[in-house]
Every structure is written in structure tokens, then in C-alpha cells.
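Hi everyone, thanks for making time.

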Amino acid sequence: MDAREFFQKVVVRRYASFVRRQRSRPLPRPLLCPICKSAVQELDRTGAATGYACATHGNFKVADSVFARAKAKHYTREEWEAALDKAKQRTEPDSWPLVITDDFF
Ligand SMILES: [Zn+2]
């Protein structure tokens, strides 16, 4: 193939898939405590949960399924704190509470 063909078939195609990969990567974003909305540090992501290190609420994890619920946006701080309390009661020593959807009932 000539240079022009090489450019179109190989370079352009590679660049396009590179751009797609970049887009699909989650952007670094400031993480907010879902309970008090203060900026927090993200702990390790383990499985299908996000870990938060909040100055007010300590270290805890929230299952992604919690945020997948349409209602999640409307949970009040009181509901979140109650859910975190329930999660803490199940938590083994030396591990972080994991808030799951059932904790909101
Ligand atoms: Zn907090």
C-alpha cells in the first residue's frame, strides 16, 4: 500500500480507537461524600463499590447498585446516616462498612 493508503487505513484507524479508549476511561472527578457532600478522598475501589474517606463519616464504602437506583439522588442526609449505621452494625472489625440498597429500607 502507498503512504496515503497506509495513513488512512492504519494511522486514522488507530487514532480513532485511541480516542475511543480515552473517552471511555472515567474522568478524574472530585469525589463528594454522598452523605454530607463534602469533598473526600476516594479509597480503593473494590468490586462494585466506591470507598470514601470522609472527615465526618469516616471510611465507608457504597455499593454501585445504591447509586444505580433512581431514588438515590433523593436520599436525605438522615437516610444516608441511618443506612451507614446499619452497614456499620454488620461490619467486621478492621473492615469498612459497605452501604447497600437494603440499608435504605
Ligand atoms: Zn460525610
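Of the 105 residues in this chain, 19% count as buried, meaning that 20 or more other C-beta atoms lie within 10 Å of the residue's own, with C-beta atoms placed from the backbone. Bear in mind that this is a predicted model: local features need pLDDT of at least 70, side-chain atom pairs count only at pLDDT 80 or more, and totals for chains, interfaces and linings use all residues. Residues are numbered from 1 along each chain as its sequence is written.

Now the layout. The chain has 3 helices and 5 strands; these are DSSP runs numbered from the N terminus, helices being H or I with at least four residues and strands E with at least two. Along the sequence you get α-β-β-β-β-α-α-β.

The 5 strands form an open sheet with mixed pairing, in the order S1-S2-S3-S4-S5. Two strands pair if DSSP finds at least two bridges between them. Strand S1 (31-32) and S5 are at the edges with a single partner strand each, so one side of each has no neighbour in the sheet. S3 and S4 run antiparallel, joined by 6 bridges; Ala-53, for instance, has Asn-59 in S4 as its bridge partner.

Which residues have the most contacts inside the largest nonpolar core? They're Tyr-52, Phe-60, Val-62, Leu-84, Ala-87 and Val-99, in a core of 16 residues. Such a core is a set of buried Ala, Val, Leu, Ile, Met, Phe, Trp, Tyr and Cys residues joined through C-beta atoms within 7 Å. S3 (49-54), S4 (58-63), helix H3 (77-90) and S5 (98-99) each supply at least two of its residues, with the largest share, 4 residues, coming from H3.

Terms used. A residue is buried if 20 or more other C-beta atoms lie within 10 Å of its own, exposed if 12 or fewer, and partly exposed in between; C-beta atoms are placed from the backbone.
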